[in-house]
Amino acid sequence: MGCNMSMDNLSKMNKQAVVHTLSTDLNLTDEQKQLIKDSWELFEPKKTAIGRKMFVNLFQVYPEMQNLFPEFRGQGNIDKLEETKFLNGHAKRLMTAVENSVNSLNDFESCSTYLQELGRRHKIRKLKPHYLERMGAAMMLAFKELYPDLWTEEADEAWNNLYKYISNMMTTGLNAP
């Protein structure tokens, strides 16, 4: 039942996603930055679990996306995939990018180059901007599912704004020559 609920929530979140133009501005208030930092202190010890949950959410709703990851192809059902070293490794790398972004909230320009390079490195995987939107919705759902008491409207707005910036910077890298 929980998985169906998760899939329904992710589908709704993705359908509500608005296509946005790329912004090079980090649209966060000081209060939102503090909220992100405070919540990250709680998320950080379980960041790999959050990353795994994000991928599970993503692959449940968009199973075809599993084929974008060579290390996930042919791994079988999602429950088995969740315990593989491949998923743990990619979950750690994903959450490292999030952690770097959180740690750079007061000087985000320094993180922009890193995120753009991350986007450039994902060209080889045929990453498309709309995949990043799907991943963002799956990540927000993972936060909400794993930390329901902490996931307020304010937290949702702040984290979504941060993720949009991460996504925009990666898309800039994807689109670079």
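1. The structure holds nine aromatic pairs, where rings of Phe, Tyr and Trp (its six-membered ring) pair if their centres lie within 6.5 Å, and planes under 30 degrees apart count as stacked, over 60 as edge-to-face and the rest as tilted. One of them joins Trp40 and Trp159 in a tilted arrangement, 6.2 Å centre to centre with 40° between the planes. This pair links distant parts of the chain, since Trp40 lies in helix 2 (residues 30-43) and Trp159 in helix 8, 119 residues apart.

2. The model is a predicted one, in which local features need pLDDT of at least 70 and side-chain atom pairs count only at pLDDT 80 or more, while totals for chains, interfaces and linings use all residues. Residues are numbered from 1 along each chain as its sequence is written, and side-chain values use heavy atoms, with hydrogens and water left out.

3. Trp159 counts as buried at 1% relative accessibility, the term meaning under 20% relative accessible area, with exposed over 50% and partly exposed in between (1.4 Å probe, protein chains only). Trp40 is also buried, at 5%.

4. Phe143 and Trp159 form a further tilted pair, 4.9 Å centre to centre and 50° between the planes. Because Phe143 lies in helix 7 and Trp159 in helix 8, this pair ties together parts 16 residues apart in sequence; helices (H or I, at least four residues) are DSSP runs, numbered from the N terminus. Phe143 is buried, with a relative accessible area of 0%.

5. One aromatic cluster is formed by Trp40, Phe43, Phe143, Tyr147, Trp151 and Trp159.

Technical notes. Helix = DSSP H or I, 4+ residues; strand = E, 2+ residues; numbered from the N terminus.
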